[in-house]
Amino acid sequence: MVATSDGTLQRRRLQADGKPQCVPFLPHEFASRESDLRLSDYSALPVAGADLDTLDPAERHRLRQAIERYRGDRSLLGLDDAELDGALGLTRTESGQRVPTVAGLLLIGRESAIRAHLPTHEAAFQVLDGTEVRVNDFYRWPLVRLFERVEEQFLARVNERELQVGLFRVPVPNVEPRAFREALVNALTHRDYSRLGSVQARWQTETLSISSPGGFVEGVSLDNLLVVEPRPRNPLLADAFKRIGLAERTGRGVDLIYQGLLRYGRPPPSYLRSDAAGVVVDLSCSEADLNFLKWLMRPNV
């Protein structure tokens with residue numbers, strides 16, 4: 001970020017030819033840039049104009065059920081509603097009053113309140129067969145409910161074949177469910193919620209792609225994706241997902257995405273279509289290498 005002699009803020013960006021260019025740095029871009037640099041946590045901010053009535057008791061109950069189902073932090077189950085909200089950062093105290101945070105509204109907010117206060121939040125599940133659109137569903141639901149719905153749609157379309165390895169029958173899915181789950185969780189927790197756009201899971205014949213608005217945060221790139229320390233764009237939201245049990249607790253969900261594809265002899269996930277506007281991961285749905293899988297599962301000698 002730089003300023004001209006008359007005080008106009010500008011930022012540098014790379015053009016298509018790789019040369020730097022100065023463009024206006026607009027006020028609505030400040031929050032996004034601070035998140036990229038990890039100078040602030042957008043998900044921890046209080047939601048202007050929202051009160052406790054914007055939180056849905058039914059969604060809080062769903063969250064408690066998710067903690068049990070996904071084997072999350074069971075110490076949360078003994079807390080009352082106010083204590084649970086405080087422990088996960090779903091509310092914070094402002095001028096003596098508890099108010100929802102962005103993470104709180106995203107996790108247990110009423111759908112109408114999310115539409116009103118966080119219009120940037122949207123997710124889609126799409127299935128394409130060539131040029132034919134089989135499924136094209138968009139949601140502005142709270143994240144736990146949304147995750148469970150999209151996972152349900154995905155699992156309904158997973159096909160498995162069986163491979164005989166010695167005395168065991170090994171299921172071989174066309175897409176590894178855990179890899180999809182981790183990619184979807186990453187997209188929901190690390191997207192830029194200050195920017196318009198939707199998280200999209202798009203299933204085509206040979207590829208399942210998951211995309212999210214906002215590029216990699218500062219310090220993360222294609223070159224160091226597997227070795228860099230976890231750097232969540234929305235630390236509070238990411239921590240809540242881990243404690244609920246939806247996210248990998250060590251922050252190494254990308255490793256599981258790679259593992260989920262490579263163990264079946266498929267190409268590794270590709271992030272090559274990612275740029276400053278968004279992160280895209282392509283999961284291959286190609287035929288599994290059964291000989292490689294047999295070799296991988298051979299008994300130790």
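1. Helices (H or I, at least four residues) and strands (E, at least two) are DSSP runs, numbered from the N terminus. The model is predicted: local features need pLDDT of at least 70, side-chain atom pairs count only at pLDDT 80 or more, and totals for chains, interfaces and linings use all residues. Residues are numbered from 1 along each chain as its sequence is written, and side-chain values use heavy atoms, with hydrogens and water left out.

2. The structure holds one cavity of 30 Å³ or more, a cavity being a set of points, on a 1 Å grid over the protein atoms alone, where a 1.4 Å probe fits but cannot get out. The lining (residues with an atom within 4 Å of a point) has 34 residues, and Asn186, His190, Leu225, Arg231 and Val254 are the closest to the centre.

3. At least two lining residues each come from α7 (177–190), β11 (207–213), α8 (235–244), α9 (253–262) and β12 (278–284). The largest share, seven residues, is supplied by α7.

4. Asn234 sits in the loop between β11 and α8. Asn234 is buried, at 1% relative accessible area (buried means under 20%, with a 1.4 Å probe and protein chains only). A polar atom of the Asn234 side chain lies 2.8 Å from the backbone oxygen of Thr189.

5. Apart from neighbours within four places in sequence, Asn234 is in contact (heavy atoms within 4.5 Å) with Asp41, Tyr42, Ser43, Thr189, His190, Arg191 and Tyr193.

Technical notes: 1 Å grid on protein atoms, 1.4 Å probe; cavity = no way out; pocket = protein on both sides within 12 Å on 5 of 7 lines; lining within 4 Å. Points joined across faces, edges and corners; volume = space filled by probe spheres on them. Buried < 20%, exposed > 50% of the residue type's maximum accessible area, 1.4 Å probe, protein only. Polar contact = N/O pair within 3.5 Å; in protein donor to acceptor, adjacent residues only side chain to side chain.
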